[in-house]
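The sequence and structure come first.

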Amino acid sequence: MKYAILILLIISAMVAIFSFKGNRWLSRYALSFADVIAQQSQTKISFGKVHYLFPTTIIFKNVNVLSADGKGPMLQASRVTVGSFNNIVIGDMAIDFPVLKNYLTLHGKKIYAWAKTLPQKNIRLLVPNGRLYPTGLTKGNPVTFKIDFSLNQNYLSAHGFWDDKDKFNYKLYGNIRGSGFDLDKLTLENGRSSMDLWGSWHDNNIDWKGFIFYNKFYILDIDGHLKIQEKDIVLERLFFSVDGDDVGIRGRCSKQNLFQCDADITYRRQAQHINAQQPLKNINLHLHAQNSPQGLSFKGWADFDRIYAGWADFNHMHVDFEDLKILIINDNFLKLKIKQMQSLFSIHGNEHKVLLEDLLASIHFADPYQKAIALSSDMYAGHLYGRIFLNTSSLPWQIKGQGKFEEIDMDLLSNNFSSFKQCHGRLSSNFNLQVSTDIKLTGNLALQNGDFRNSDFQEWLAKILQMPSLDHVSNADLSSHFKIIGKSKMLDDLKLNTDDFDFSGFFHIDADDLVSSQGSVRFSKELLSESPIGRKIIGLVRGAWTLPFEFRLSGNLYRMNFQWNKSPLKDKVRQHLFSFFERIIEQRMDAHPYYNVTTPNESVSPG
Amino acid sequence: MKWYVIILLLSLQGCFWATCVKASEADLEWKEAIGLAKQGENDFAFMDFLTILDDCPNSRYCLAAEFAQGEYYFLQNNLPMASDAFKSFYAKYPRHEEALIALAYLFQIAKIQKSPNDMKEYRNKAASFRQLTFIFNDKKIFKFLSGFQRKHKLVYYINKIELYVNGKLFTEIPF
């Protein structure tokens, strides 16, 4: 027993002496070893103290890693424990992301080449409580994370979490095979959402499959294939379905400049998902991105197909855009600049084109389901300002907006909207917009110095009133409230003042093109004199042109009924007319006289 | 040559004779039909109206006889058959005022059957049936005595159509 105690004391003394001696020369050895690593990895490594623990554990305290050309530390750790040279635990690790990103951009390729020369050994790395500062060390709130990584033979596993407001747990398992890697499973989940992917990376081919549950969306049947070629990276296919609707993406980008790329995206909705409320059928999008000294810009086009015309009354829309720039201000705010955006669509079979230039859109999305968009754009030599609030928490999306047009040139507008053909002047308007299953657009409009020539309405009015001059109205000031609800359109407080006449009234068209309208118009003496009836009225009623002519319109838009309403002018005219003369006038005005139309006589025939 | 002329004249006379015979047959059928309708023998009157349509398809009574079919089914409360008959009548005589009466019947049938889509369709057709101008009068009137001897009066206003049958408001189509 005494010998045993003696032997134990001698061993303890030897361990103590060995540890003491080890600690003395370890500092020097560790420094030179760190220098070698630093030289190879283009970094500067410094540490406070080094401790040796028998038999194979070394502890580094207050470790700092700087980029060789860096100004501040890109990585800090209060304690790095290395056991048996292959079991590393990094305590209180902090990463300066901008510095690390810069370092990897500069030296990534060299480090990768150096890492490949290291001896293949089993290794385990544990970072139990890491912090990553996205905008620089000690600036803002860090993203916390945990890494538990191990490489055993060729089997690789990693798990941990990533906590950036939302905490994600991750797991990764796979096998290194030759120069490739088989991913058995990559799982990300945070309680509400989860993602499972598997696939492989061999030579220059990357394949992956999987599925994602994201909030209320099911993204299934993911199937992707990426090919890394000599000069570019080609996404040969990426197919998946979102709640049963098929999405396909193809594209390529340059290896020299990852932001120089082309992509084609298609979105096909299943027939059973398409209805009057959700009429969208297909979206095709082509994007070309280019990175220039002025920044990243996109150009391309988008096609939207709808099965039902719905409130917007179009089945197809094509949008071309040029020089689209995206400026990410922060996590919740981005700006879009578009040099030119042209939309082509048809309503009632008539093609329309809307051209917006120098469009600036600011998009806020602090709430994941609510977006606020501020718009400003040149439009037909005038300007458009608008604000849109988008709620995407449920389908159909809720859209609310406010905006105004200023000084739109009707000449330019008339090139694209046949309804405004041969209308001239400057149009201004402000409006409120509300869209869910239906559209509701309300507002005011004003037109100064308007000039209307040969519109369908004018031709009809000139014919019915027998006033040929009405086919050209100049120097007109027009103002009105307007309201569009679904397919119904309403103009209220409509006022039109010209040199030859003043008009006020309202004009409503319902969803079936049925008109309800009432108006009061006062003609100049010259204009009233053009009409044979007007001349008669002037002859019958002294100063007839000073009295308003009240009328009403109703019926189908394209075959409107006309009525001269009871008014002082009409009363005065009737005082001077025999009733048979009234009937003659009425019959002349009526294109289809049908009084007392009867079937054959009763004696021989019915009636 | 003269023989040819004589033969041709005789042939033409034969054609006229045949038409006259048909015309008088239609007159007789019509007289009988409306006589039966006056006595309340609607079923027999209906048979006579059908006979006019079958035997004298070009007769001037065809319009009224065809309208009478829809009217008969309506009076029998056979609304689907009445609807079919009035639709066929409207398609055949779209420019006649009687077609608007048929539309009024179709509108009323749709109203009874509580079919708002059909009501809307017939309302829209009625609204665009004719373009009217009211200068001194605020209404226009069309009268029609049907095969079943019911007095129809169609009153057009700027924004509605009213149909009176035997002096009572039958239906109103506002637009």
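## Paired strands in chain A

In chain A, β25(A) and strand β26 (residues 423–435) run antiparallel and are joined by nine bridges. Within this pair, A:Ile408 has A:Leu427 of β26(A) opposite it. Helices (H or I, at least four residues) and strands (E, at least two) are DSSP runs, numbered from the N terminus. Two strands count as paired if DSSP finds at least two bridges between them. Strands of a sheet pair through backbone hydrogen bonds, either parallel or antiparallel.

Strand β25 (residues 398–409) of chain A also pairs with strand β24 (residues 382–391) of chain A, in the antiparallel sense and over nine bridges. The link from β24(A) to β25(A) is a hairpin of six residues. Here A:Arg387 stands opposite A:Gln402 in β25(A).

## Basis of the model

This is a predicted model, in which local features need pLDDT of at least 70 and side-chain atom pairs count only at pLDDT 80 or more, while totals for chains, interfaces and linings use all residues. Residues are numbered from 1 along each chain as its sequence is written, and chains are lettered from A and ligands numbered from 1 in the order in which they are written.

## The two chains in outline

Chain A contains eight helices and 33 strands. Of its 607 residues, 14% are buried. A residue is buried if 20 or more other C-beta atoms lie within 10 Å of its own, exposed if 12 or fewer, and partly exposed in between, with C-beta atoms placed from the backbone. Among the contacts in chain A with a separation of 6 or more, 34% are between residues 24 or more positions apart. Two residues are in contact if their C-beta atoms, placed from the backbone, lie within 7 Å.

Chain B has six helices and five strands. Its elements follow the order α-α-α-α-α-α-β-β-β-β-β from the N terminus on. Buried residues are 39% of the 175 residues in chain B. For contacts in chain B with a separation of 6 or more, the share from residues 24 or more positions apart is 44%.

## A buried serine in chain A

A:Ser531 is found in the loop between α5 (525–530) and α6 (532–540) of chain A. This residue counts as buried because 20 other C-beta atoms lie within 10 Å.

Leaving aside residues up to four places away in sequence, A:Ser531 touches A:Leu465, A:Gln466 and A:Met467. The C-alpha atoms of A:Ser531 and A:Ile464 are 9.7 Å apart, although 67 residues separate the two along the chain.

## Helix pairs in chain B

Helix α3 (residues 62–75) and helix α4 (residues 79–92) of chain B have axes that come within 8 Å and cross at roughly 160°. Axes are lines fitted to C-alpha atoms, for helices over the stretch in contact, and angles run from 0 to 180 degrees between N-to-C directions. α3(B) and α4(B) are therefore roughly antiparallel to each other (angles under 35 degrees count as roughly parallel, over 145 as roughly antiparallel, 65 to 115 as roughly perpendicular and the rest as oblique). The residues making the contact include B:Phe67 and B:Phe74 of α3(B), and B:Phe86 and B:Phe89 of α4(B). By class, the contact of α3(B) with α4(B) has eight nonpolar, two polar and two charged residues. Ala, Val, Leu, Ile, Met, Phe, Trp, Tyr, Cys and Pro count as nonpolar, Asp, Glu, Lys and Arg as charged, and the others, Gly among them, as polar.

Helix α5 (residues 97–112) and helix α6 (residues 116–127) of chain B pack at an angle of about 160°, and their axes are 8 Å apart. α5(B) and α6(B) are therefore roughly antiparallel to each other as well. Among the residues in contact are B:Leu103 and B:Phe107 of α5(B), with B:Met119 and B:Tyr122 of α6(B). The contact of α5(B) with α6(B) divides into eight nonpolar, no polar and four charged residues.

## The sheet of chain B

Four strands of chain B form an open sheet with antiparallel pairing, in the order β2-β3-β4-β5. Its edge strands, β2 (140–145) and β5 (168–174) of chain B, each pair on one side only. From one strand to the next, the twist averages 15°.

β2(B) and strand β3 (residues 151–156) of chain B run antiparallel and are joined by six bridges. B:Lys143 stands opposite B:Lys153 in β3(B). Helix α5 of chain B packs on the sheet and touches β2, β3, β4 (160–165) and β5 of chain B, and its direction makes about 90° with that of β5(B).
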